[in-house]
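This report treats backbone geometry, strand pairing and chain contacts in turn. The sequence and the structure are shown first.

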Amino acid sequence: MKRYDMIVVGAGPAGLCAAIEAAKCGMHVVVYDENAKPGGQLFKQIHKFFGSKEHKAKIRGFKIGEELLEEADALGVEVVLNAVVIGLFPEKEITVKIEEHVEHVKGDTILIATGASENMVTFPGWTLPGVIGAGAAQTMMNLHGILPGKRVLMLGSGNVGLVVSFQLMQAGCEVVALADAAPRVGGYGVHAAKVARCGVPFYLSHTILCAEGDDHVTGVTIGEVDKNWQVIKGTEKYFEVDTICLAVGLSPMSKLCDMAGCDMEDNPAKAGFVPIVNEYGETSIPGIYAAGDVSGIEEASSAMIEGRIAGIAAAVRMGFLTKEAGDAEFKKQKTALEGLRQGMFAPGMRGKAITQTEEGVAISKNLLEHGFVAEEEIERFPGVTHRKGIHPVIECTQNIPCNPCQDACPKHCIKIGSKITALPAVDPEVSCSGCGMCVASCSGQAIFLVDEDCGDGTAQITMPYEFLPLPQEGEKGIALSRSGEKVCEAQVVGVRSAKAFDHTRLLTIKVAKEYAMKARFFRREDAR
Amino acid sequence: MNDRNRKIGEYIPAPDDDVIVCRCEEITKGEIRRAVHDGMFTLTEIRRYLRTGMGLCQGQTCTRLVKGIVARELGIRPNELREATGRAPMRPIEMCILAKDKEEKE
Amino acid sequence: MNAEVIIVGGGIIGCAAAYNLAKNGTSVLVLEGSENIGNGGSSRNGGGVRQSGRDPRELPLAMYAIKHIWKELSDMLDTDVEYYQHGNLRLGSTQKHRQILEGLTKRGAEYGLDVRMIDGYEARQINPYLSEEVTCASWCPTDGHANPLMATMGYYKMARRLGAHFISGEKVKELRKIKGAARQVVTESGNVYEGDKIIVAAGYDSRFIASTVGIDIPMQPVLLETLVTEAAAPMFWQMLGTADADFYGHQTTHGSFVFGLNSGYEPYAKPGKPFSSSIAASAACRGIMHYFPSLADIKIVRSWAGWMDSCADHVPVISTVEEVPGLILACGFSGHGFGISPAVGLLLSQLALEQETVLDLSAFRYNRFS
């Protein structure tokens, strides 16, 4: 029977990274993926990733996918697409459907990196066409170029719900509301803030009561829930929508591990039914590894590192890498993984109420309850400073593992330090040239360049802008606040794009100077 | 040890009992709840008795939902219920394709 | 905990016995070793309710169950067990097949069963989806099929409603004789249960359990493999088999087809957790398409494997054990226990209650191997 040193099931971030590490050591590796395109979920991630420079931060997800694929290709990894692994049998034999037949292939090691599937919630009408997973909506928009609907309600304020809400608006949909049964926003505050300032109202402690419609969704009613998740009478709110997006978490797609006979556990900390793995990602069956979401839901950045660790472990197991060399590699990867698993959103922090940042700054309650930092809260964060002339205002208020802004400034005026989760601070001694590199580098779109007083009674605010059509210089419109409310008239005075900005445009607007610290988004006059 | 005669209370009809939970097999929440009171205390038994998760998607969507309903009815935590075993084929496959299996010799 | 009758094994045999005993007002306790009721062959078989092709010793049990119980079972159990009595076609395409089928047919007819040989044309009259490959078949119009999951869970549900006590995840370690009679059941968790009668209906595990009171039944575990398709519009309701026994199955109420497989390597499966083999489903698909070309595009959604307790002479042990008074054995069903389970459940209750059994059980004695 055909046999490989390593068979990888799933060409997502974990699978590709494992294949790359194994192939680097000389292993003969095949990667099977059931989709027509490799990259797993990376290929629909059009936003810039968080993390550290070494781990592809500020690069857009699909770009990371392309880079990994090129790297795997160069190393001689066989990536077989439209290849559905249908079974994993004893002796590490897999059956894989390719075109119109089934092949039997064996691997001396096998990595299962099958990812996750979307969770659903039930409510009357949830089976109506128009109720879809947020990930499905993202696939429709970003892979197939199809709008899921025109008017959307998003349920779920985790990163998926927030990111997809933003992307829905980028694609031209109207997001009428974002609801979550939890009392606090679950995802990164910066993701929430960029959705809120576009004018999307957040309804925390709200759940969907029912979807209306006969043969498709025509509306949705949400209502507020109390501490016991019971709906409070009289709090019902109706929205006319044609689409309800559910972003209520992911579940590991671990059935292949279960079929193979790996010891499994149902672990809420890993968001579901997962194979029990050791620190190298090895399951209870020696030589069978699991990495990425299949072994516990996390971010793509951690999936990549888990994949690398498993690839290295397989190489050590099969004698392609000495134990010493392997240990050195593990140490490196583990340090990186630990870095990513720090901060307010670390796996160990799930469900814990946080009151202050690592720096001791009281966190923004408004951000958690309404999706944006309130005006009276914003001044206390270290990235928010004032001075004469143009300068960065960094509205980054939570400890997340991300630091590209630190390296973005050619004058090194932004400091995070060695702890990747620290809040960025602005060095008052260094002058700002207004180049905008920091604005474009921030994956959370949380950095603004502000000139609070241009001398003529106006202020200028430069903001990241990722919508089309692009406003023109001189165009007049409305400045929106952090909450998405109209604050004042505004005029576009600059639109910059550069290769280094990677498709993020820098929009500079002019407003009356009293709005310098209020105006955070621009709406074109002819827009809704 | 799972005593099937332990008291879990009576089945009390709920307003959302007619909500479909398993879309593939069109099984409602009420059917699942009643099955628990008929003694189906494990996800595997529910599945064998009602066909939840036995349709084309093989439980990818409803497993977590069914787990929550059964756990609530039994008064236990959802993760105390073991998911039904994963089985080949992982994705539905036409008989004529599965029939064409070959071993590529190296 | 005490009960008049303790049943070791919560499969369809154990559940059917529990139902009959509970209906009689007898206190009964069922101990199931796994987490799930009906976790062995009961939930993994192909659902045949056949008389044709049976060993003559077993035939009376099958005939009795079909004549007296199966038709009533859905009502009895308040559960649709999806019983269809639309006949059994055993298909053949070669001269060798014809010989096998003729042998089976002759043997059945000798014992008063309505079973006969038919040609390919007549077979296609009965089931128009059969290919031209089919040149002969045996036909038993009173055979049929049912849903093993529903029948097993139905017996369980009704037994429980009638007061039978069930405990799962309670694996039996040993039986103990007290003052000369089997009386105690000791489990791996350390619990000791006491009963006047102990019925052991635990599939292949019965061998180890009986062995703790000095009884050995010659049987071996043999893998059985089954697959199920997506639902299709109703096509036919007969039970199907082949002369080579390479597959067997039927279409269910749900519309899906359930097919049992046979690759020939089943007796050599590694012990432990039953694994589907990587080749059996493919081989079965080829066999099925050979006789049913119109099923080529139907999707297979799931396959599974299980153990059957194959007895040395391929018929079960259904027997009291005089040297261990109080012990009743029901094991070694050899892969054809489902169709006769309603009768066996009744007979076991009669043995436990020391009543006269409705059928002669002498062919199923535990000591016939000596």
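## Positive phi angles

In this predicted model, A:His412 occupies the loop between helix H11 (404–408) and strand E21 (414–415) of chain A. Its phi is positive, at about 55°, although A:His412 is not a glycine. Is A:His412 buried or exposed? A:His412 counts as exposed, because 11 C-beta neighbours lie inside 10 Å and the limit for that class is 12 or fewer.

With 5 other C-beta atoms within 10 Å, C:Lys179 is exposed. As background, most residues other than glycine have a negative phi, and most peptide bonds are trans.

## Cis peptide bonds

A:Leu468 and A:Pro469 are joined by a cis peptide bond with omega of about -5°. A:Pro469 is placed in the loop between strand E24 (458–465) and E25 of chain A.

In chain B, a cis peptide bond links B:Ala88 to B:Pro89, with omega of about -10°. The loop containing B:Pro89 lies between helix H3 (63–74) and strand E4 (93–94) of chain B.

## The sheet of chain A

Chain A contains an open sheet of 7 strands in the order E20-E23-E24-E27-E26-E25-E28, with antiparallel pairing. Strand E20 (390–394) and strand E28 (521–524) stand at the edges; each has a single partner strand, so one side of each is left without a neighbour in the sheet. From one strand to the next, the twist averages 35°.

Within this order, strand E25 (residues 476–480) and strand E26 (residues 486–496) of chain A pair in the antiparallel sense over 5 bridges. The bridge partner of A:Ile478 in E26(A) is A:Glu489.

## An enclosed strand in chain C

How many of the residues of strand E6 (residues 136–140) of chain C are buried? The count is 5 of the 5, so strand E6 of chain C is largely enclosed by the rest of the structure. Both faces are covered: C:Cys136, C:Ser138 and C:Cys140 are buried on one side, and C:Ala137 and C:Trp139 on the other. In a regular strand the side chains alternate between the two faces of the sheet.

Strand E4 (residues 88–92) of chain C runs antiparallel to E6(C) and is joined to it by 5 bridges. In this pairing C:Leu89 stands opposite C:Trp139. Strand E5 (residues 116–119) of chain C is also antiparallel to E6(C), with 4 bridges between them. Here C:Met117 has C:Ser138 as its bridge partner.

## Contacts of chain C with the other chains

Contacts between chains C and B involve 37 residues of chain C and 28 residues of chain B. On the chain C side, helix H5 (148–161), strand E8 (165–168), helix H7 (280–291) and strand E16 (299–311) each supply at least two residues. By class, that side has 17 nonpolar, 11 polar and 9 charged residues. Strand pairing also crosses between these chains: strand E1 (residues 2–3) of chain B pairs with E8(C) in the antiparallel sense over 2 bridges. B:Asn2 has C:Ser168 as its bridge partner in E8(C).

Towards chain A, 4 residues of chain C are in contact with 8 residues of chain A. The side of chain C that touches chain A consists of 1 nonpolar, 2 polar and 1 charged.

Technical notes: Residues are numbered from 1 along each chain as its sequence is written. Chains are lettered from A and ligands numbered from 1 in the order in which they are written. This is a predicted model: local features need pLDDT of at least 70, side-chain atom pairs count only at pLDDT 80 or more; totals for chains, interfaces and linings use all residues. Two residues are in contact if their C-beta atoms, placed from the backbone, lie within 7 Å. Ala, Val, Leu, Ile, Met, Phe, Trp, Tyr, Cys and Pro count as nonpolar, Asp, Glu, Lys and Arg as charged, and the others, Gly among them, as polar. Two strands pair if DSSP finds at least two bridges between them. Axes are lines fitted to C-alpha atoms, for helices over the stretch in contact, and angles run from 0 to 180 degrees between N-to-C directions. A residue is buried if 20 or more other C-beta atoms lie within 10 Å of its own, exposed if 12 or fewer, and partly exposed in between; C-beta atoms are placed from the backbone.
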